[in-house]
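Morning, everyone. I will go through a few points on one structure, so please have the sequence and the model open.

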Amino acid sequence: MQSGISASQELVSQFNTLLTDTSLFGLLVTITSESLTPLTRLHRASSSSDFATDLAQLAPHLKPDEALYILLRRYDTSPYLVAVTYVPDSAKVRQKMLFAATRLTLVRELGSEHFRETIFATTADELSAAGFDKHDRHTELEAPLTEEERTLGEVKRAEAEAGSGTGIREIHLSKTMNMPVATDALVALSALATQESNGIVMLKINPNTEVIELVANDSTPSSIPELVQTISSTEPRFTFFRYETMAPGSNEQKSFVLFFYTCPATPGTKAIKFRMMYPLMKRAVLDVATREAGLEIWKKFEVEEPSEITEESITAELFPATETKTAFRRPKRPGR
């Protein structure tokens with residue numbers, strides 16, 4: 001998903017100052033008028049203060065309903081900076097979508113060589129001294145990655161951390177059950193609703209954390225056969241697809257958002273668990289898509305194998321043939 005937003009000259013200038021002025025602790029960035037713009041500069045508490053102490057300068061700027069980019073000087077050796085994308089759960093869906101879609105653009109336009117890591121956070125606690133310590137412990141347990149891999153994978157790793165609440169939206173199914181949804185999944189659904197995506201969103205359930213996660217996908221299917229090739233034939237999926245087609249006998253282009261729940265018949269205990277989890281969460285996923293993301297779903301389909309999805313069956317559902325009724329005729333009397 002591309003937002004088309006770029007860094008302003010004012011941001012580039014203030015960022016260069018952040019690189020050279022060691023009295024500065026950080027730079028806050030926002031999005032205004034389709035541009036990345038500087039918001040506030042943060043100064044160090046003192047010339048001898050450490051990172052944990054300087055974080056106190058950041059706390060007053062973290063609001064529970066506004067997204068923010070935060071560039072912080074954290075390390076004593078190059079690269080010195082860490083880039084934080086702060087997207088609280090209570091932020092507006094449109095803002096979530098913009099900030100998530102532009103986070104890589106921000107780092108690349110300012111120079112990825114200046115950033116040692118990128119972090120995706122949804123609560124102010126994650127950006128406290130204790131929150132950074134927890135992040136560091138989690139990172140130390142992982143295998144070494146390149147900066148590009150860390151940049152592309154940070155959201156998914158943070159959201160998959162069991163019990164952390166990072167990047168997770170709790171959706172209430174009942175008084176005794178909640179369904180956690182990854183923030184990037186909600187952002188992707190919102191982009192599909194506003195036609196700012198590649199036209200497809202696939203979701204899966206992490207069997208270990210039971211979090212609804214976004215399936216990474218770069219394909220852009222434009223037909224039902226292409227869609228079938230995109231959906232996993234070995235694992236269940238919730239798939240939302242924007243289908244552009246014409247009604248039979250018409251030249252008018254129509255756009256429909258379709259929902260597919262596929263659950264291939266795969267043997268094993270994992271498949272059994274999937275079969276129990278997916279039907280239970282399907283209703284809530286649809287509720288998230290319509291109420292939270294604003295999707296209008298025209299038709300819903302449930303099949304075991306993706307191969308059961310055909311263009312003919314979809315067309316029949318979208319454009320049902322009208323039955324021609326003949327007028328009732330009174331039978332003639334005998335002899336007439």
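**A helix, a glutamate and a cavity**

I start with helix α6, residues 183-193: 10 of its 11 residues are buried, so the helix is largely enclosed by the rest of the structure. Keep in mind that this is a predicted model. The buried residues of α6 are Thr-183, Asp-184, Ala-185, Leu-186, Val-187, Ala-188, Leu-189, Ser-190, Ala-191 and Leu-192. Just after α6 comes Gln-195, which has a positive phi of about 60°.

Next, a residue in a strand. Glu-117 belongs to strand β6, which covers residues 115-121. Is Glu-117 buried or exposed? Its relative accessible area is 7%, and the cut-off for buried is under 20%, so Glu-117 counts as buried. Which side chains does the side chain of Glu-117 contact? One is the side chain of Arg-74, in a polar contact of 3.4 Å. Another is the side chain of His-135, where the polar contact is 2.9 Å.

Last, the cavity. The structure has one cavity of 30 Å³ or more. The largest cavity holds about 40 Å³ of space. Its lining consists of Tyr-69, Ala-83, Val-84, Thr-85, Arg-103, Leu-106, Val-107 and Thr-118. Two elements, β5 (81-86) and α3 (93-110), each give two or more residues to that lining. By type, the lining residues of the largest cavity are five nonpolar, two polar and one charged.

That is the end of my part. Thank you.

Methods:
Residues numbered from 1 in each chain as written. Predicted model: local features only at pLDDT ≥ 70, side-chain atom pairs only at ≥ 80, totals over all residues. Heavy atoms only, no water. 1 Å grid on protein atoms, 1.4 Å probe; cavity = no way out; pocket = protein on both sides within 12 Å on 5 of 7 lines; lining within 4 Å. Points joined across faces, edges and corners; volume = space filled by probe spheres on them. Helix = DSSP H or I, 4+ residues; strand = E, 2+ residues; numbered from the N terminus. Nonpolar A, V, L, I, M, F, W, Y, C, P; charged D, E, K, R; others polar. Buried < 20%, exposed > 50% of the residue type's maximum accessible area, 1.4 Å probe, protein only. Polar contact = N/O pair within 3.5 Å; in protein donor to acceptor, adjacent residues only side chain to side chain.
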